[in-house]
Amino acid sequence: MRDWSILDEVWEVIQDRAEHPSAESYVSSVLTHRKGIDKSLEKVGEEAVEFILAAKNQVPERTVSEAADLLFHFLVALQASGTDVADVLDELAARRK
């Protein structure tokens with residue numbers, strides 16, 4: 001199994017950007033956008049479509065890239081919605097029992 005610690009690292013950065021917004025930070029710009037949560041949700045939708053097209057067209061390098069974009073923006077949207085990724089992981093774990 002792969003090392004999933006990168007997800008913890010990315011989540012920590014997203015949380016830090018939420019707590020300490022920076023004008024230079026992309027994450028901060030999404031989280032503080034005038035559209036509110038809609039901005040992060042739009043990004044999830046956009047990246048989901050791009051992932052679907054890459055996978056459907058069987059372009060492996062684009063599929064991987066778009067999957068990473070989708071996962072990243074999903075985490076940002078979780079933060080924007082006030083949902084802790086730990087709760088999502090707990091839900092997945094509960095479904096395995």
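Reader: Crossing of H3 and H4: left-handed or right-handed?
Author: The crossing of H3 and H4 is left-handed, meaning the near helix is turned anticlockwise from the far one by less than a right angle. This is a predicted model, where local features need pLDDT of at least 70, side-chain atom pairs count only at pLDDT 80 or more, and totals for chains, interfaces and linings use all residues. Residues are numbered from 1 along each chain as its sequence is written, and side-chain values use heavy atoms, with hydrogens and water left out.

Reader: At what angle do the axes of H3 and H4 cross?
Author: Roughly 160 degrees, and the axes of H3 (residues 37-56) and H4 (residues 60-80) come within 8 Å. That makes H3 roughly antiparallel to H4 (angles over 145 degrees count as such).

Reader: Which residues make the contact?
Author: Among them are Leu41, Val44 and Phe51 of H3, with Leu70, Phe74 and Ala77 of H4 (contact means heavy atoms within 4.5 Å).

Reader: How do the contact residues divide?
Author: Into 13 nonpolar, 3 polar and 6 charged.

Reader: New topic. What volume has the largest pocket?
Author: About 320 Å³.

Reader: Which helices supply at least two residues of its lining?
Author: H1 (5-19), H4 and H5 (85-95) each do. The largest share, 5 residues, comes from H5.

Reader: And what lines the largest pocket?
Author: The lining includes Trp4, Trp11, Phe74, Val88 and Leu92. Lining residues have an atom within 4 Å of a pocket point.

Reader: How many of the lining residues are charged?
Author: The lining has 1 charged residue, 11 nonpolar and no polar. Asp8 is one of the lining residues, and Asp counts as charged.

Note on methods: Axes fitted to C-alpha atoms, helices over the stretch in contact; angles between N-to-C directions. Helix = DSSP H or I, 4+ residues; strand = E, 2+ residues; numbered from the N terminus. Parallel < 35°, antiparallel > 145°, perpendicular 65-115°, else oblique. 1 Å grid on protein atoms, 1.4 Å probe; cavity = no way out; pocket = protein on both sides within 12 Å on 5 of 7 lines; lining within 4 Å. Points joined across faces, edges and corners; volume = space filled by probe spheres on them.
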